[in-house]
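Keep the sequence and the coordinates side by side.

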Amino acid sequence: MEAQIKHYENKLAFEWDSSDLFTALNNGENVIVIDPRKAFGFEAEHIPNAINIPHREMTIESTKHLDKEVLYVTYCDGI
């Protein structure tokens, strides 16, 4: 049981839910949201100020311009 608790504590240290993101954005935290869906999904609806980098196009090259001092949160509507 102790190992399971530790596992989930470690996992929660790196994962946010929608409430965590909402709070961070409303508090003006240094967070940028990445929407990894295809462009048509992003264009139809996305979190305000999110940037679109489709997951199949994410590479070292396509993300090298991103500020290393910012926390990036990625979300999507799939698995």
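Which residue forms a salt bridge with Lys 64? The partner is Glu 61, and the closest N and O atoms are 2.6 Å apart. A salt bridge here is a side-chain nitrogen of Lys or Arg within 4 Å of a carboxyl oxygen of Asp or Glu. Lys 64 and Glu 61 are exposed. Exposed stands for over 50% relative accessible area, buried for under 20%, and partly exposed for the range in between (1.4 Å probe, protein chains only).

A word on the basis. The model is predicted: local features need pLDDT of at least 70, side-chain atom pairs count only at pLDDT 80 or more, and totals for chains, interfaces and linings use all residues. Residues are numbered from 1 along each chain as its sequence is written, and side-chain values use heavy atoms, with hydrogens and water left out.

The salt bridge count is two. Asp 35 and Arg 37 form a salt bridge, with 2.7 Å between the closest N and O atoms. Here both Asp 35 and Arg 37 are buried. For Arg 37 the relative accessible area is 15%. Arg 37 sits in the loop between strand S1 and helix H3 (39–44). Helices (H or I, at least four residues) and strands (E, at least two) are DSSP runs, numbered from the N terminus. A polar atom of the Arg 37 side chain lies 2.4 Å from the backbone oxygen of Glu 45. Beyond four places in sequence, Arg 37 touches several residues, including Phe 42, His 46, Tyr 75 and Asp 77. Contact requires heavy atoms within 4.5 Å.

Next, the sheet. Three strands form an open sheet in the order S2-S1-S3, with parallel pairing. Strands S2 (51–52) and S3 (71–74) are the edges, each pairing on one side only. Pairing requires at least two DSSP bridges between two strands. S1 and S2 have two bridges, and Ile 34 stands opposite Ile 51 in S2.

Helix H2 lies across S1 and S3, at about 135 degrees to S1. That angle is taken between N-to-C directions, from 0 to 180 degrees, using lines fitted to C-alpha atoms, for helices over the stretch in contact.

Finally, the core. The largest nonpolar core has seven residues: Leu 21, Ala 24, Val 31, Val 33, Phe 42, Ala 50 and Val 73. H2 and S1 each supply at least two of its residues. Such a core joins buried Ala, Val, Leu, Ile, Met, Phe, Trp, Tyr and Cys residues through side-chain atoms within 4.5 Å.

Methods:
A polar contact is a pair of N or O atoms within 3.5 Å; within protein, one must be able to donate a hydrogen and the other to accept it, and residues adjacent in sequence count only if both atoms are side-chain atoms.
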